[in-house]
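Visitor: I would like to learn how to read this model, feature by feature. Where do we begin?

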Amino acid sequence: MQVPMPTNAPSKSQNVPGMLPVEESYIENILRLNKGKLATVYMTFENKKEKTFKGIIEAAGRDHLIISDPQTGTRYLLPMIYLDYITFDEEIEYQYPFGGGGGMSSYSPR
């Protein structure tokens, strides 16, 4: 028996304005869109040791994030496995400039 899909539900091929396409909405892609911005990265390591890093986003991959501390110049290679969340003090870019959405858009919860 085939279950009918609601016609108003977004599919993988549909783009919702202001949102990344489903296939591209990964943390590393969002971080790449915000390369050069100052971010605060919250991580919890083994032994439940919590640590915060503040720096400029340099690069992001599927399993890592590279940030640089603007005051000391120290660069950190941070494994994504320990990532809790990231905050920004400014609007963040979220939409790719390709794939049916046109230009970039910013997200701000305010």
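Guide: With a single residue. This is a predicted model. Asn 34 lies in the loop that links α1 (27-33) to β1 (38-45).

Visitor: Is Asn 34 buried or exposed?

Guide: Buried, because its relative accessible area is 0%, and the cut-off for buried is under 20%.

Visitor: What does the side chain of Asn 34 reach?

Guide: The backbone oxygen of Ile 30, at 2.8 Å. Setting aside residues up to four places away in sequence, Asn 34 also touches Ile 57, Phe 88, Ile 92 and Glu 93.

Visitor: Now the sheet. How do strands pair in general?

Guide: Through backbone hydrogen bonds, either parallel or antiparallel. Here five strands form an open sheet, ordered β4-β3-β2-β1-β5, with antiparallel pairing. β4 (75-79) and β5 are the edge strands, each pairing on one side only. From one strand to the next, the twist averages 40 degrees.

Visitor: How many bridges join β1 and β2?

Guide: Eight, in the antiparallel sense. As one example, Met 43 has Lys 51 in β2 as its bridge partner.

Visitor: What should I check in the loop between β1 and β2?

Guide: Phi. Asn 47 sits in that loop, and its phi is near 70 degrees, positive in a residue other than glycine. Lys 48 lies in the loop between β1 and β2 too; phi of Lys 48 is near 60 degrees, again positive in a residue other than glycine.

Visitor: Why do Asn 47 and Lys 48 count as exposed?

Guide: The cut-off is over 50% relative accessible area. Asn 47 is at 77%, so it counts as exposed. Lys 48 is at 73%, so it is exposed as well.

Visitor: Which residues have the most contacts inside the largest nonpolar core?

Guide: Leu 31, Val 41, Ile 57, Leu 65, Ile 67 and Leu 78, in a core of 14 residues. β1, β2 (49-60), β3 (64-68) and β5 (83-88) each supply at least two of its residues. Take Leu 65: beyond its neighbours within four places in sequence, its contacts include Leu 31, Val 41, Ile 57, Tyr 76, Leu 78 and Ile 86.

Visitor: Last point: confidence. Where does pLDDT stay under 50?

Guide: Over residues 5-12, for which the model has four contacts beyond four places in sequence. Residues 100-104 are also below 50, with twelve contacts beyond near neighbours in sequence. Where pLDDT is low, the predicted coordinates should not be read in detail. The chain averages a pLDDT of 80, and 65% of the residues score at least 70.

Terms used
Residues numbered from 1 in each chain as written. Heavy atoms only, no water. Helix = DSSP H or I, 4+ residues; strand = E, 2+ residues; numbered from the N terminus. Buried < 20%, exposed > 50% of the residue type's maximum accessible area, 1.4 Å probe, protein only. Polar contact = N/O pair within 3.5 Å; in protein donor to acceptor, adjacent residues only side chain to side chain. Contact = heavy atoms within 4.5 Å. Core = buried A, V, L, I, M, F, W, Y, C linked by side-chain atoms within 4.5 Å. pLDDT = per-residue confidence, 0-100. Pairing = 2+ DSSP bridges. Axes fitted to C-alpha atoms, helices over the stretch in contact; angles between N-to-C directions.
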